[in-house]
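Thank you all for coming. I would like to take you through one model this morning, moving from its pockets and its ligand to a handful of individual residues.

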Amino acid sequence: MTKDKVALVTGASRGIGAAIAIGLAKRGYDLALNDILLVQDDLENVATSIQETGQRVERFLADVSNKAAVECMAADVLNAFGQVDAIVNNAGILIAGEMDGLPETVWDAVMDVNAKGSFLVTQAFLPSMKARKYGRIVNIASIGGKHGAPEQAHYSASKAAVMGFSRVLAQEVGPLGITVNCVCPGIIFTDMGRVNLEDPQVRKAWQAKTAMARIGEPDDVVGPVAFLASDDAAFVTGQTLNVDGGIVFS
Ligand SMILES: NC(=O)c1ccc[n+]([C@@H]2O[C@H](COP(=O)([O-])OP(=O)(O)OC[C@H]3O[C@@H](n4cnc5c(N)ncnc54)[C@H](O)[C@@H]3O)[C@@H](O)[C@H]2O)c1
């Protein structure tokens with residue numbers, strides 16, 4: 001059990017982010033939950049589940065791709081909790097579309113939330129982590145950033161960007177006791193995951209490609225994230241961990 005630690009999870013209203021937030025609370029973290037205004041009701045439900053674990057929980061509505069909103073959120077989180085020990089950059093979007101004809105606005109939207117959002121949130125909390133000489137940053141990338149699938153070139157690029165900046169940041173902040181790692185989920189059954197799973201044929205094909213012969217659930221991602229956020233992973237940094245039931249073997 002972790003004691004007296006605070007974690008921020010972005011995109012925590014549903015899916016993988018909600019599972020991670022509840023999973024970290026069960027492991028003893030107090031939780032700062034972030035999402036965008038649109039899904040406030042869902043965020044309330046996650047907060048209620050966390051309250052039931054006995055841990056403290058606060059909600060912070062902000063669009064992670066908006067620098068001013070993120071800076072405001074960071075100030076509010078630090079004001080409320082005094083510290084943040086672990087950040088889980090989970091907020092993300094997937095808008096499928098073939099590269100040929102992909103609107104520039106779609107490219108920008110996906111890069112803004114997935115790549116720039118993780119960068120902005122991380123940057124906003126770095127000064128406080130550096131001052132305490134402690135921090136755990138876990139970025140939710142994707143096997144899509146290594147492997148990719150048709151109609152997801154922009155999504156793949158955004159997740160590859162997250163892995164790239166994580167490896168460099170790990171080198172910049174390692175001497176200060178801060179670790180930076182990525183978790184790369186495979187095909188996970190969430191609202192976003194449905195893009196890959198709606199067609200039964202496609203779903204079957206993904207199952208067949210997976211060593212464990214099943215589609216993942218949000219809870220499958222929790223343990224690996226909790227490990228990288230914990231002191232057990234104090235000497236693990238700059239890594240990407242595939243949590244995909246065995247699709248990508250590198
Ligand atoms: N589901 C999968 O198969 C899968 C696979 C690999 C990686 N991932 C990654 O895991 C993460 C979570 O995915 P999910 O499947 O739970 O998706 P989801 O769509 O169910 O949840 C994403 C959450 O992020 C929030 N969000 C979106 N834009 C935001 C913004 N600008 N600011 C703050 N919050 C925002 C949404 O409101 C939502 O609550 C994403 O980064 C995704 O790319 C998912």
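How do the residues of the lining of the largest pocket divide into nonpolar, polar and charged? Before I answer, please keep in mind that what you see is a predicted model. The lining divides into 20 nonpolar residues, 17 polar ones and five charged ones. The space in this largest pocket comes to about 860 Å³, and of the 42 residues that line the pocket, those closest to its centre are N90, A91, G92, I93 and M192. If we ask which elements give two or more residues to that lining, they are α1, spanning 15-26, β2, spanning 29-35, and α5, spanning 153-173. The largest share comes from α1, which supplies three residues.

Let me turn to the second largest pocket, which has a volume of about 220 Å³. Its lining includes A96, the run G148, A149, P150, E151 and Q152, and then V195 and N196, while V202, A205, W206 and K209 also line this pocket. By residue class, the lining divides into seven nonpolar, three polar and two charged residues. Two helices, α6 at 194-197 and α7 at 200-209, each supply at least two of the lining residues, and the largest share, four residues, comes from α7.

Now for the ligand. It is surrounded by 30 residues, of which the closest are R14, D35, N90, Y155 and T190. A polar atom in the side chain of D35 lies 2.6 Å from an oxygen atom of the ligand, and an N or O atom in the side chain of K159 is 2.9 Å from an oxygen atom of the ligand. With V64, by contrast, the atom concerned belongs to the backbone, where an N or O atom lies 3.1 Å from a nitrogen atom of the ligand.

Which residues of α8 are buried? They are V221, V222, P224, V225, A226, L228 and A229, and what covers them includes α1, β2, β4, β5, β6 and β7.

S230 counts as buried because its relative accessible area, 14%, falls under the 20% cut-off. A polar atom of the S230 side chain lies 3.1 Å from the backbone nitrogen of D232, and, if we leave aside neighbours within four places in sequence, S230 is in contact with Y29 and R136.

One of the strands covering α8 is β6, and N181 lies in that strand. With a relative accessible area of 0%, N181 is buried, and its side chain reaches the backbone nitrogen of G238 at 3.2 Å. Again leaving aside neighbours within four places in sequence, the contacts of N181 include I137, V138 and N139, as well as L228, and they also take in V236, T237, G238 and Q239.

Strand β2 holds L31, which at 0% relative accessibility counts as buried. Beyond its neighbours within four places in sequence, L31 has contacts that include A7, V9, A21, L24 and A25, and among the others are I50, R56, V57, E58 and F81. L31 and A69 are 38 residues apart in sequence, and from C-alpha to C-alpha they are 19 Å apart in space.

I will finish with two backbone angles. As a reminder, most residues other than glycine have a negative phi. A213, which is not a glycine either, has a positive phi of about 55°. A213 is placed in the loop between α7 and α8, and with a relative accessible area of 51% it too is exposed.

Definitions and conventions. Residues are numbered from 1 along each chain as its sequence is written. This is a predicted model: local features need pLDDT of at least 70, side-chain atom pairs count only at pLDDT 80 or more; totals for chains, interfaces and linings use all residues. Side-chain values use heavy atoms; hydrogens and water are left out. Buried means under 20% relative accessible area, exposed over 50%, partly exposed in between (1.4 Å probe, protein chains only). A polar contact is a pair of N or O atoms within 3.5 Å; within protein, one must be able to donate a hydrogen and the other to accept it, and residues adjacent in sequence count only if both atoms are side-chain atoms. Contact means heavy atoms within 4.5 Å. On a 1 Å grid over the protein atoms alone, a cavity is a set of points where a 1.4 Å probe fits but cannot get out, and a pocket is an open set with protein on both sides within 12 Å along at least five of seven lines; lining residues have an atom within 4 Å of a point. Grid points are joined across faces, edges and corners, and a volume is the space filled by probe spheres set on the points. Ala, Val, Leu, Ile, Met, Phe, Trp, Tyr, Cys and Pro count as nonpolar, Asp, Glu, Lys and Arg as charged, and the others, Gly among them, as polar. A residue is near a molecule or strand if one of its heavy atoms lies within 4 Å of it.
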